[in-house]
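The following note goes through the structure shown below, point by point. Please keep the sequence and the model in view while reading.

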Amino acid sequence: MSQQFTKAQVAEHKDEKSGMYIIIDTGVYDVAKFLDDHPGGSKILKRVAGKDATKQFWKYHSKQVLEKYGPKLQIGTVKEEAKL
Ligand code: HEM
């Protein structure tokens with residue numbers, strides 16, 4: 001069962017201790033353990049930790065990247081929130 005996270009909950013996880021969550025499309029990914037393995041470097045990932053990185057992700061990667069690494073890094077999905 002996939003866990004659901006609000007954007008506020010994602011924003012609380014932006015360091016290596018509590019996890020570094022990023023949003024890509026509707027998915028939530030924890031990249032804390034992927035920092036050293038990221039071919040694009042750890043710095044750029046740290047910069048978007050806790051945020052929606054959909055735009056940045058699709059700027060630099062193909063669908064194949066998400067298909068390959070996504071299952072390992074995904075921890076859940078973004079919870080739909082009512083727009084005020
Ligand atoms: C789940 C999250 C991510 C995964 C699994 C991931 C994976 C990868 C992989 C496999 C590559 C090697 C190039 C390729 O095979 O296409 C790469 C390169 C790169 N990534 Fe990521 N990445 C992630 C998130 C991000 C984010 C959020 C950013 C930007 C804020 C970013 C920026 C880059 C950059 C700049 C490169 C280098 C591109 C180049 O040298 O041409 N990545 N990433």
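1. The record. An unreviewed UniProt entry places the feature "domain: Cytochrome b5 heme-binding" at residues 2-79. UniProt positions are given in the numbering used here, feature names are shortened, and annotations may be inferred rather than shown by experiment. The end C-alpha atoms of residues 2-79 lie 11 Å apart, and this span is 38% helix and 26% strand.

2. The model. This is a predicted model, in which local features need pLDDT of at least 70, side-chain atom pairs count only at pLDDT 80 or more, and totals for chains, interfaces and linings use all residues. Residues are numbered from 1 along each chain as its sequence is written.

3. Fold. The protein chain contains 4 helices and 5 strands (DSSP runs numbered from the N terminus: helices are H or I with at least four residues, strands are E with at least two). Their pattern along the sequence is β-α-β-β-β-α-α-α-β.

4. Overall dimensions. The C-alpha trace spans about 40 × 30 × 25 Å along its principal axes. The radius of gyration of the protein chain is 12 Å, which agrees with the value near 12 Å for a compact globule of 84 residues (taken over C-alpha atoms; the globule rule is 2.2 Å times the number of residues to the power 0.38).

5. Core. Which residues form the largest nonpolar core? It has 12 residues: Val10, Met20, Tyr21, Ile22, Ile23, Ile24, Val28, Tyr29, Val31, Val48, Ala49 and Ala53. Strand 3 (19-24) and strand 4 (27-30) each supply at least two residues of this core, and strand 3 gives the most, with 5 residues. A nonpolar core is a set of buried Ala, Val, Leu, Ile, Met, Phe, Trp, Tyr and Cys residues joined through C-beta atoms within 7 Å.

6. An exposed residue. Asp25 lies in the loop between strand 3 and strand 4. Asp25 counts as exposed because it has 11 C-beta neighbours inside 10 Å (buried means 20 or more other C-beta atoms within 10 Å, exposed 12 or fewer, partly exposed in between, with C-beta atoms placed from the backbone). Its phi is near 55°, a positive value in a residue other than glycine. Most residues other than glycine have a negative phi.

7. Of the 18 residues around the ligand, Pro39, Gly40, Ala53, Gln56 and Tyr69 come nearest (near means a C-beta atom, placed from the backbone, within 6 Å). Helix 2 (42-48), helix 3 (54-60) and helix 4 (63-73) give two or more residues to this shell.
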